[in-house]
Structure formats: C-alpha cells, structure tokens
Amino acid sequence: MKAHACGNDFLIIEEAVAGRDHASLARRLCARNTSIGADGIEFLERRGGGGFFLRLFNADGSEAELSGNGTRCVAAWLALSENLREVAFGTHGGVRTCRVVEANGAVYLIESEMGVPRVMPRTIELPGAGNVEGAMVNVGNPHFVLFVEREDFGAHGMSWQELGAKISTSPLFAHGTNVEFVQVRSEREIAFRIYERGCGPTASSGTGTCASSAAAMELRDTARELTAIAEGGAQRTVWAANDAVMLLTGPAEIVCRGEAYVGVAMRAVGL
C-alpha cells in the first residue's frame with residue numbers, strides 16, 4: 001500500500017512477507033525512476049492481543065526510530081481496511097497513539113500523540129559554515145533545528161538543501177540527524193524546510209513538524225498551539241507544557257495498493 005502525508009510518501013508492507021529483506025526492499029521499492037517510489041517503508045508487524053509494531057526504513061536502506069507522518073499513514077490504512085479509529089503503535093522511538101478526527105473517502109485527518117519533546121540549545125562548528133546556532137531536539141528521533149531569516153530558508157551562505165546535507169551527515173552526530181530550517185512568522189505560525197536523514201529534502205515530516213514547533217515554543221516564545229507549514233502543507237501542533245505529550249494533527253491519504261515484483265525470481269510482495 002502507498003500513502004502520503006502532506007507529500008511525505010510511504011509504502012506499507014506486512015512484516016510477515018518482508019523476511020530479512022527490509023533494507024534491500026527499501027532501496028529497491030523506494031527508487032522513484034525504477035520502482036514505486038517513496039521516502040521510506042513502514043513494515044507493519046501484528047503482535048499478540050491485537051498489538052502493532054512499526055519498523056521504518058528510509059529510501060537509502062537505513063533504519064530510523066520512527067516517522068510521525070509514516071505512522072499516521074499506517075493509521076489511515078488501518079482505518080480504511082479494518083475500520084480502526086484509534087490505534088497504538090510500538091516503534092523504536094516509543095509508543096505512538098493515533099486517532100481519526102475526520103474521514104473523507106481515502107483521506108483522513110489524524111491526531112497523534114508524539115511523546116514529550118526535549119529541546120537542547122547548541123551551537124555547532126561546521127567546516128565551510130562556521131558556527132551554526134540551533135538546537136538539538138529529540139522527539140523519539142534526532143533533529144537539529146536552526147532559525148533562519150531568508151525567504152528561501154538559506155543560511156550561512158548556502159541553500160538550505162546544501163547546509164542540511166552537511167549538518168545531517170556531520171560526524172558531530174554519530175547516527176546522523178534530521179535538520180529543520182524554521183521561520184517564525186507570527187506568534188501562532190511557523191514555516192520550515194526539512195532535510196531528512198536517509199532520504200534528503202522532503203515535502204513534510206511529522207517529527208520535523210514537532211521538533212520545529214517545540215524549538216519555536218521554547219526558544220522563541222511562540223504560542224503553545226502552532227500552525228506549522230512545510231512545502232507539502234500545514235499541520236497543527238499543541239504542547240501544553242514542557243513535560244506534556246505533544247499532539248500533532250494532520251492529513252494522510254491512501255494512494256493505492258497492489259503487488260511489487262522484486263529480485264531475480266520476480267517474487268511478488270503483497271501490499
């Protein structure tokens with residue numbers, strides 16, 4: 001199955017048919033010119049008692065802790081296929097609970113509990129860019145957030161894409177990091193761009209939305225309810241207090257379902 005959340009697109013495959021091929025399947029099936037194309041694959045494992053666990057593999061085959069948008073896409077699929085209106089997913093970044101707020105055909109508006117963000121101001125020294133002031137934010141996976149003034153979201157004499165690539169792969173971050181470039185537009189609205197670890201620039205990111213919002217709330221004194229606008233569209237965040245769970249509300253749309261043929265033996269992978 002394929003779905004997207006604000007243009008951040010994912011494939012969903014049952015863990016039972018993945019075997020040991022998670023990374024290989026991600027690299028093959030996420031290739032946009034020679035296969036289906038996606039930012040990553042969510043492998044859905046069904047556990048005893050009706051529980052679910054998600055493993056996320058990025059387009060380059062690397063495994064990540066979780067994806068806010070990807071989790072929401074899986075919730076939309078289970079709402080469509082099994083009429084589940086509230087579902088909790090185990091992930092390597094913690095449990096995430098999703099609730100359907102509205103449904104319109106294959107398009108769902110979903111509220112997700114995204115855990116308690118941790119914001120740590122930090123200035124890093126980057127070759128070619130000098131000192132880059134920002135914040136490390138953990139929302140179950142790592143982010144580096146910097147605030148920018150330029151309309152094109154560039155900073156330190158570089159485009160956001162170029163600077164994002166340098167920060168994301170810097171040895172300062174042992175396991176890499178996602179990077180967000182944030183403009184504070186008003187007390188209740190931010191705009192941002194995302195360079196995502198494992199797949200590069202993306203149209204949206206659920207955890208990136210939460211990281212950008214948390215940094216703006218804590219370091220720029222914005223309201224605790226924000227509209228956060230990425231290239232793929234707007235999402236809403238609510239963070240009542242620093243020790244509270246952040247809520248993320250945004251859309252997810254089911255695109256299609258079918259079979260993919262991979263490997264020399266043309267093995268069919270049921271979606």
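The side chains of Arg72 and Asn69 are joined by a polar contact of 3.1 Å, a polar contact being a pair of N or O atoms within 3.5 Å, of which, within protein, one must be able to donate a hydrogen and the other to accept it, with residues adjacent in sequence counting only if both atoms are side-chain atoms. This is a predicted model, in which local features need pLDDT of at least 70 and side-chain atom pairs count only at pLDDT 80 or more, while totals for chains, interfaces and linings use all residues. Residues are numbered from 1 along each chain as its sequence is written, and side-chain values use heavy atoms, leaving out hydrogens and water.

Arg72 belongs to helix 3, residues 68-82, where helices are DSSP runs of H or I with at least four residues and strands are runs of E with at least two, numbered from the N terminus. A polar atom of the Arg72 side chain also lies 3.1 Å from the backbone oxygen of Gly250. Beyond its neighbours within four places in sequence, Arg72 is in contact (heavy atoms within 4.5 Å) with residues including Ala5, Cys98, Gln235 and Pro251.

Not counting residues up to four places away in sequence, Val74 touches Ile12, Glu42, Leu44, Leu54 and Phe89.
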